[in-house]
There are 4 protein chains.
Amino acid sequence: MPDPFVLTLSCADRPGITARVTSFLFERGGNILEAQQFNDRMSDAFFMRVEFDPGAISRDAFRAEFAPLASELAMEWKLSLRDRPRRVLIMVSKFDHCLADLLYRWRIGELPMKPVAIVSNHPREAIEHTDLGDLPFHHLPITRDTKPAQEAQVRAIAEQSGAELIVLARYMQILSDEQAAHFAGRCINIHHSFLPGFKGAKPYHQAYERGVKMIGASAHYVTGDLDEGPIIHQDAESIGHADTPDALVRKGRDIESRVLAEAVRLHLEERVLLNGQRTVVFRG
Amino acid sequence: MPDPFVLTLSCADRPGITARVTSFLFERGGNILEAQQFNDRMSDAFFMRVEFDPGAISRDAFRAEFAPLASELAMEWKLSLRDRPRRVLIMVSKFDHCLADLLYRWRIGELPMKPVAIVSNHPREAIEHTDLGDLPFHHLPITRDTKPAQEAQVRAIAEQSGAELIVLARYMQILSDEQAAHFAGRCINIHHSFLPGFKGAKPYHQAYERGVKMIGASAHYVTGDLDEGPIIHQDAESIGHADTPDALVRKGRDIESRVLAEAVRLHLEERVLLNGQRTVVFRG
Amino acid sequence: MPDPFVLTLSCADRPGITARVTSFLFERGGNILEAQQFNDRMSDAFFMRVEFDPGAISRDAFRAEFAPLASELAMEWKLSLRDRPRRVLIMVSKFDHCLADLLYRWRIGELPMKPVAIVSNHPREAIEHTDLGDLPFHHLPITRDTKPAQEAQVRAIAEQSGAELIVLARYMQILSDEQAAHFAGRCINIHHSFLPGFKGAKPYHQAYERGVKMIGASAHYVTGDLDEGPIIHQDAESIGHADTPDALVRKGRDIESRVLAEAVRLHLEERVLLNGQRTVVFRG
Amino acid sequence: MPDPFVLTLSCADRPGITARVTSFLFERGGNILEAQQFNDRMSDAFFMRVEFDPGAISRDAFRAEFAPLASELAMEWKLSLRDRPRRVLIMVSKFDHCLADLLYRWRIGELPMKPVAIVSNHPREAIEHTDLGDLPFHHLPITRDTKPAQEAQVRAIAEQSGAELIVLARYMQILSDEQAAHFAGRCINIHHSFLPGFKGAKPYHQAYERGVKMIGASAHYVTGDLDEGPIIHQDAESIGHADTPDALVRKGRDIESRVLAEAVRLHLEERVLLNGQRTVVFRG
């Protein structure tokens, strides 16, 4: 049996889209394994994700035959192999708990990815608790003056390694607007805060000072405004008066790791579609 | 614009079901408002729920025209008006927190139902904390000897009132197998325990004795085995060593109320489909 | 056996406070039922709450004998009867779900309070879904011009009714700084948002627009800045892309009701101590 | 300043225990950093945990002077250095996610422990995803016939390495009653189920078959009955109809890892006291 395909699409809503797309699949021998759609009645937009056994049709043939329908309905669409590991570049600074978590999940086969490069603004020795194995590691220090050159290097590494997704796994540098635009829609950041609660630096200390009773973390696509991109996933936990800022940082690590891993999994499985400043997330 | 319809169906999975159903709708001028499907690859079964504006077609015409397709695919299916309040019979004993919660949600328009009868094995005075307003109240005491007769009365009230759903809102009597069979698929119970953890009587006291660190509640369809029907919704909360059985009962009330209300809402909106001992729940 | 007392206190931390307070109790025949303390090592402050059977000592005698120790350690302290229902004034506008929830909990004996007045800026008919029974209801409309006079009326009602706690149960008016100061430390608001995320009006619509994946609510003491008082309790829930602003409002009602009820319970049981902008919450 | 001490104790409840214990500390120059007590009014038992700066007194002197009071009140008690890393033996079979998680937390200084041995019934190569570094690894295969001998080896390793805590990190063997008794009160197991829901083998498959809507995990002290020891910590998560048994296993890994790590942290910090079949857990 051929590898399953994943088709994702969005367009303006109108009657008959589901019928036309699923009939298209059926007529070519496709067999749906999983399908979701969302009719956004607030914005009259339509979103769909279909996993299917393609039968005899090739990806190229599918694309060629689907293009006229996609064009007629003014779709944004993407067809990909469901099970092909996506190539991922991971960026990190000194805190490596998200990196360690992502690599462990990759090693046991939980995340369908192939890490192609680790980039850090700190030397390899700074990542002291994580086994990087043979993964290519790039130490790209950054200062205010060298930022444009460093970002160009990141883009070059991304290009040469064929990276499809950039994960900022507690990379404590703000991307320039140009860099954010370059990686638009394929760069995920973990914000160690429950957005939009505590933007900016030291959110756990901010949370402590404010005396909140829950903390959380947010995984989102990176845009020019670091704290404002479309949110993919969030989680939160209760805290108490005895939790010092250090305790919040400790509890935060767990939330950050699992929120980022879930967002990366959803993205790798093509389950996240952009809807303006918002996201449509088709869980299985 | 005519009132939206809801179509729910299940059948053995095979290629083309979605295409055929959605094309059927499209060809008759239907416009999908919300649609979900589930291909159960463990059992090769298919489940679907579609909300749609029917356009010019009437319900009777739809039913007549859809029947051949449903028959060909050996579907179990149901077509209903989405916004018509379902007629609901609520049964209760002495603890009325679930009843009070359901009635409040009904009064503010949150639950699309019309309570047609309240049945209790205790007199109306036992429901001292809930405003029953003008709702018909039936005191049907029960003993071992009168159980068959009492259950026949309940069936008669359900029939005369046109009840489509029976909600056991902390009704502390076990239905006979016959009664459970009679109301199969349209009788929801709140089990004041996190099934299958603590079946039987006094589950909070059982939980206390066992020293668990979480308690919960389960809403499920009633079958002959009271604690074993298909589960619709569950929730749980953390507890601590200082929580006495009384404190567990207090915390449990909150969980029970919201778990039952959510299960009732899901059922009323035709979002719950049976899948053997399990349920498929299509949230919005 | 006499009714149990609750002693709460806070002061600068130093060695021996617990020993001196508990020895004081022991020497007078007191028997501790529940005790908690918190040494805030960030601010070097000490907080304590003790429930105890007082033995033969009266409240007045206790107060007189405890005063020198309290004075020496520069304590803020309070001694009260644990089981005496506190007198509560509830303010509400049109949305009555929090009011209904509080009154139900009161009626079944879950909240140790005695509602002494309901105040609304809308007429009694606006509270159409809640059974107010015989509770005194005060319709105090408010406009920009009449605000000082209306607030004076509220203060008069609070005084005449002996209200110890003012609960803003979705009272959609901002208290003046004077009013907030007047009720400082004994006025709880439910903010229908997960503070500090979405301050100001229509937080659920703000949350929808921002595309967050969780919503929540915050119960806090009222200060001059409505959205900034010390937080007592918060909770949050996951939402999805299909949740419209209306769905968020519906889900929010549940969170608001239970967060406010929990904060009110904690306050009524003397479990909340102020720690600057933060709170110390001694759960049982 | 000397290292802080932790004193934990339990005894029958009676008036004055707190006063006597805290006065004892105060008179010897001790300064309380954190203290909790629990008066179990269901069983009339008393539990206490105190962290304190000991001032000039040594541990031996403290023990000698405290012994008469402890004896008079028939206490079970323990005095230890708060910050001394406890020596831990970790047992594992093939699934190493809990092991990897524990070792990462140890490496970043989150868990105050010193792993002294890793024991597996499988060879080192079976632990393929976790960096064991220089930790002593013992491959102790087990069969029905060799079980007594293998367990004796485990006891010998525990003794020689000075292990204070034994962690069963998905060690898929049932300890004999003798072994469980030998390690009573210092052996923690992660049960990959929400006890008492699904005991025995393959709990996620059992959960799938039953159609539950939440899964969880339980960390507990090991007793002769593997699934019945006192529970330290539990957590649970919602699941849906589309979650296959494999998906439950994946989601379960996250819950297991964090529940076990939390239970181990609580134990290492001397925060868990046994109360018959139940536990008292003094969180910070």
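Predicted model: local features only at pLDDT ≥ 70, side-chain atom pairs only at ≥ 80, totals over all residues.
Colleague: What makes chain A and chain C related as by a two-fold rotation axis?

Modeller: Chain A is superposed on chain C by a rotation of 180 degrees with 0.0 Å of shift along its axis, and the RMSD is 0.0 Å; the two copies are thus related as by a two-fold rotation axis. In chain A, the C-alpha nearest that axis belongs to Gly197(A), at 2.1 Å from it.

Colleague: How do you know that chain A and chain C meet through the same surface?

Modeller: Of the interface residues of chain A, 100% are also interface residues in chain C, so the copies meet through the same surface.

Colleague: Turning to chain D and chain A, how much area is buried between them?

Modeller: The area buried between chain D and chain A is about 1,600 Å², with carbon and sulfur atoms giving 51% of it. Tyr104(D), His129(D) and Arg250(D) supply 34% of the area that chain D buries against chain A, which is more than any other three residues.

Colleague: Why is the pair Arg105(A) and Asp254(D) called a salt bridge?

Modeller: A side-chain nitrogen of Arg has to lie within 4 Å of a carboxyl oxygen of Asp, and the side chains of Arg105(A) and Asp254(D) meet at 3.0 Å, N to O, so the pair qualifies as a salt bridge. The count between chain D and chain A is four salt bridges.

Colleague: Which helix gives the most to the side of chain D that touches chain A?

Modeller: That is H7(D), with six residues. The residues of this side of chain D divide into eleven charged, four polar and four nonpolar.

Conventions. Residues numbered from 1 in each chain as written. Chains lettered and ligands numbered in written order. Heavy atoms only, no water. Least-squares fit on C-alpha atoms with pLDDT ≥ 70 in both. Contact = heavy atoms within 4.5 Å. Buried area = accessible area lost by both parts, 1.4 Å probe. Helix = DSSP H or I, 4+ residues; strand = E, 2+ residues; numbered from the N terminus. Nonpolar A, V, L, I, M, F, W, Y, C, P; charged D, E, K, R; others polar.
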